[in-house]
Each structure stands twice: as C-alpha cells, then as structure tokens.
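Dear colleague,

Please find below the structure that I am handing over to you, together with its sequence. My findings follow directly after it.

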Amino acid sequence: MESYDLVVIGGGPAGIQGATTARILGKTVALVDRHHELGGAGANTGTVPSKTLRETAVVLSGLRSRDLYGVDLSLRRKATVADFLRHEQHVKQGLNARFNQQLEACSTCVFFGEATFLGPHTIHVRGRSSGEASDAHKEQAALDEDRIIRGEKILIATGSSPSRPGIFPFGPGVFDSDTLLNLCNLPETMAVLGAGTIGCEYACTFAALGTKVHLIDGRDALLPFLDREIAAALVAEMERAGIVFRWKERATSCVVEQAPCQGGPGRVRLGFDSGESLVVEEVLVAAGRVSNTATLKLEAAGVKVGEKGLIPVDPSFRTNVPHIYAAGDVIGFPALASTSIEQAQRAVQHAFGRSPAPGTPELLPHGIWTIPEIGYVGATEEELVKKGIPHVVGRASYADNPRGRILGDLAGFLKLLFRLPDLELLGAHMIGEQATDAIHIGMMAMFAQVRADQFDDMCFNLPTLGELYKYAAFEAILAAEKIGVDRPLPVAAPEAL
C-alpha cells in the first residue's frame, strides 16, 4: 500500500489547488479523479465552458456591434453546433493540458478512478478500463488499476453535479448543464427550467444566438440575492433580448414527442401546475446542484454528511474527523471556482500547521455571466435598509462614460453604497459589459476602507470603466451634502521618508 502525506479526492479547481499547495510545503501528494480530464466542472462542464460559450454567442451574433452606429455584424447564416462549440473545446483542451503539466511539474501522483473510503486513512481506487475512457486517454487508462492508498491527511474536493428531478427524461431533447453540449443543432425554441444563475446565463447565451427562450421558475423574482435595482435592470435587458419569463410555474410533466436529429427538430411538451403546456425543441433543466459524495462511502471514514450530500466543516475546513478536510462545492455555499481554490489552499495550510486565516474571505466578488454581465461585492441596498444603516447611493451610467459609449453599452451602470456620515464604501454593484472585471476595483476599495471623497480624489485612465467609480462617488458626495452631511476631512498624508 502506497502512503502519502496528503491524498486529494477530486481533480477540480479545489483539488488541484490543494495538491499544489501541499507540494509547495514539501509534502508527498496523491490526487484521485474519477474523470480522465482534470479540471472538474470548473474547466470541463461549468465555469469556463459556460463563459466561453457566452463569449462565442456574443461574437457570433454580432451582439456587441448592434448598438454601434452604422455597424451590423449580426449572424447571417444558420450557425452549426460545430461553430458554437469550437472555441469552447479549444479553451477546455488548453486548460486540461495546463493542469496536467502543473501537477506533473510538482511531482504529484495522479490516479484516474473511483475513490471510496475503506477507513479513516485508507482509500480504494477503482481503476478504469480502457473501454471507459475517451480515445485521447485510453493509453493512460490502460495503465490504471485497482489500488489501495493511504493518506496521513485527506482533502475531499469532489465537487457537485446537476440535480436531476425524476419527472424529466434526460437524453436527446432534455439536458442538464453537464450534457447541454451534446445538443446536435442550435434550437429555434428552448425552455429553461430554473431562473437561478446557471439558468439565466444559458438563457442569455441562446437568446443571443436567436433562440426563442422561455425561462420558467416557481418564484416571482429574478435572482433575489441581487440588489433589486440591478435585478430589475437585468430583467429589462433579458426581455429586450426576447426572453419570455414564466413566473410561479412549476413543471409537472415532460414528454419528448420527437427526439432531435431524427428527421427534424425536437419536440418536447412541458406541462405545468397551472394547467398550461408549452412545446419547444429543447429543454434545459437548471434545478440546482447536488454534492458528489454518494459513492465515497464516507461512513467508512466516520465523516458526517448533511442535506444534499453536503459535508459540514469547521472554519478551517475540517470535517468531524480531524485529519479529513473538505473544500469547494462539496461543502456548499458559495460554491464558486474562486472560493473553492481559496478554501482548498487554506485547508491544506491548516492541515500542515501553517494556521492561515480561518474561513472563506469575508469580502467575495461575485460575477454572473448573463448578457449583460453582473458584478457585485458587499451589501445590497435592501440589506442596509433592513439593518437600519444610514447610507447614500452614487450611480454612474455607461451612457455617460466614454468607454461605455465605445463598447456600445448604453444600459449599463455602476451603483455604489456609502455609509453615513463617514461615506465609507459598503457595497458595489455593476451591470454591463466587463462588469465582472471592473467590480474588483470596488472589492479592493472595500478592503482598504476607501471613502467617497478618496474616490473623487483619484485619477482613472480615460477612457475606462474604472472612471465610473469616480463619478458615482461624486454623486454620493452631492447626495450627502443635500441632507447636511459634510464631506469628510482628508486623512493626513504620512511624512515623506
């Protein structure tokens, strides 16, 4: 039996970061992944692929040019699936190769196969036969074999998978976010069940390519965790793109009347609890995600599991078994690739006595890759009102910003929330082109406890979206002065060395 200082189960963003961190600390590491493509959902089915598809849709549809005067580059031909997926496959292949090189460079032993616990320190790896692997990995798969390995410390980073409610006959015509790339033609009509982040992102992507999208949800508000002003702006833009919202509807039946690619387009009939029905070519079910813990046999290691397969952890990401840690989607919210990486790094550092700051960072930048993009950090206005925190709002529009004009995005805007009376930044919310990048300015400002007057004193490049912060802050200062709050006195500069 081979023994290692750390055994990592799962080769996604969290697993790879955990393995790399341990090697930097001089520890021996084995990583077990049940797929033959490293990167997990982040690289292969979720984060990067979905954002690549979005970018491809924006480019193929000519969406960025539609609001530029005298320019029309809209798609003038029937796009094929190959057109749509070519860039996504290229990006994914590049990431897979980089992850393999990264682990090889730091001498991590990688085993492809299904991992199950035999005890608190021992793991059985069921190697895959060559028939279970893709052609690109059959040579490696043939070398895989059943083995038992031991880990002094163990990190569980197996990620999550789309939830599959029983009423849906998944297969041709009915997809989840992992299988959506198997569609054979771009549909003319599509129903998306679930108006969460994944559902909204894919609804926008297909709408950009001319698909008539019906977005169906049992709730009556879009993405309720967003600042309401931002959410309302997103609804308006999605409706402008032709997306039809069907609120307070729940699917009760789903029948594939004609499978796609068999003599014509697909035909899927959905029935709802309201008694109405809808017929579309394709259906995407975006009904949440479930942690990948069912096959691990965690009971053999004594690890407790909560609802939906989630593993409870303490602030250092330890499970109830002190030498077993967990990070990423498998522990639940916020379940982002960025936070998964941070959690795994902190977990491994703690496991080997480095004692990093506990928990996930308090300030997390969030990005939603709808069309338009959304970026946000910190409190929403509704949260400040609920807590009774006095504040003022500053806004700056893309339409009044030279960079926004150049991009052809006249609907985007930045919203900043400043506490009264000191005008410290408490929240930043942005909708529009490149919002997921520009929001990091707000995050860094909140880390530094920047005030509105300090933004106003800064110089930003012209033309850039960063300049929006200066003008939103200035608007907040004016709003504060109108209610009798003076501009804060500048902080004394440190003496020159």
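The model is a predicted one, and a search for salt bridges in it gives a count of 19.

Salt bridges

Asp217 pairs with Arg219, and their closest N and O atoms lie 2.8 Å apart.

Arg267 and Glu257 form another salt bridge, with an N to O distance of 2.5 Å. This pair connects distant parts of the chain, since Arg267 belongs to strand S12 (residues 267-272) and Glu257 to strand S11 (residues 251-258), 10 residues apart. Arg267 is partly exposed at 37% relative accessibility, and Glu257 is likewise partly exposed at 37%.

A further salt bridge joins the side chains of Lys415 and Glu381, at 2.7 Å from N to O. Lys415 is in strand S20 (residues 413-419) and Glu381 is in helix H9 (residues 381-387), so this contact ties together parts of the chain that are 34 residues apart in sequence. Lys415 has a relative accessibility of 1% and counts as buried. Through shared partners, salt bridges unite Asp227, Glu229, Glu381, Arg395 and Lys415 in one network.

Helix H1

Helix H1 (residues 13-24) comprises 12 residues. The distance from its first C-alpha to its last is 17 Å, close to the expected 16 Å. Of the 12 residues, 9 are buried, so H1 is largely enclosed by the rest of the structure. The buried positions are Ala14, Gly15, Ile16, Gln17, Gly18, Ala19, Thr20, Thr21 and Ala22. Just after H1, Gly26 adopts a positive phi of about 85 degrees.

In soluble globular proteins, nonpolar side chains tend to be buried together. Here, the largest nonpolar core contains 46 residues, and those with the most contacts inside it are Val7, Phe117, Ile123, Ile149, Leu155 and Ile156. The elements that contribute two or more residues to this core are S1, H1, strand S2 (29-33), strand S3 (109-117), strand S4 (122-127), strand S5 (147-156), strand S16 (324-326) and helix H8 (337-351). S1 provides the largest share, with 5 residues.

Which residues does Phe117 touch, not counting those up to four places away in sequence? They are Ile9, Thr122, Ile123, Ile154, Ile156, Leu296, Lys297, Leu298, Ala300, Ala301 and Ile324. A second, separate core has 38 residues, including Ala57, Leu183, Leu186 and Leu209.

Surface and overall composition

Met1, Leu118 and Ile148 make up a nonpolar surface patch whose accessible area is about 310 Å² together. Met1 lies in the segment before strand S1 (2-9) and, at 64% relative accessibility, is exposed. The chain as a whole exposes about 22700 Å², of which carbon and sulfur atoms supply 54%.

The chain has 497 residues, 52% of them buried, and contains 13 helices and 21 strands. Among contacts with a separation of 6 or more, 64% are between residues 24 or more positions apart.

Backbone features

Two cis peptide bonds may be of interest to you. One joins Phe333 and Pro334, with omega at about 5 degrees, and Pro334 is in the loop between S16 and H8. Another runs from Leu462 to Pro463, with omega near 0 degrees; Pro463 is located in the loop between helix H12 (452-457) and helix H13 (467-482).

Positive phi angles also occur at residues other than glycine. Leu223 has a phi of about 45 degrees and is found in the loop between strand S9 (212-217) and helix H7 (228-240); with 1% relative accessibility, Leu223 is buried. Ala335 has a positive phi of about 55 degrees and is in the loop between S16 and H8. At 36% relative accessibility, Ala335 is partly exposed.

With kind regards

How values were computed
Residues are numbered from 1 along each chain as its sequence is written. This is a predicted model: local features need pLDDT of at least 70, side-chain atom pairs count only at pLDDT 80 or more; totals for chains, interfaces and linings use all residues. Side-chain values use heavy atoms; hydrogens and water are left out. A salt bridge is a side-chain nitrogen of Lys or Arg within 4 Å of a carboxyl oxygen of Asp or Glu. Helices (H or I, at least four residues) and strands (E, at least two) are DSSP runs, numbered from the N terminus. Buried means under 20% relative accessible area, exposed over 50%, partly exposed in between (1.4 Å probe, protein chains only). The expected span of a helix is 1.5 Å times one less than its number of residues. Patches are made of residues with over 30% relative accessible area and no salt bridge: like charges are joined within 9 Å, nonpolar side chains (Val, Leu, Ile, Met, Phe, Trp, Tyr) within 5 Å. Accessible areas come from the Shrake-Rupley method with a 1.4 Å probe; for residues, only the protein chains shown count as cover. A nonpolar core is a set of buried Ala, Val, Leu, Ile, Met, Phe, Trp, Tyr and Cys residues joined through side-chain atoms within 4.5 Å. Contact means heavy atoms within 4.5 Å.
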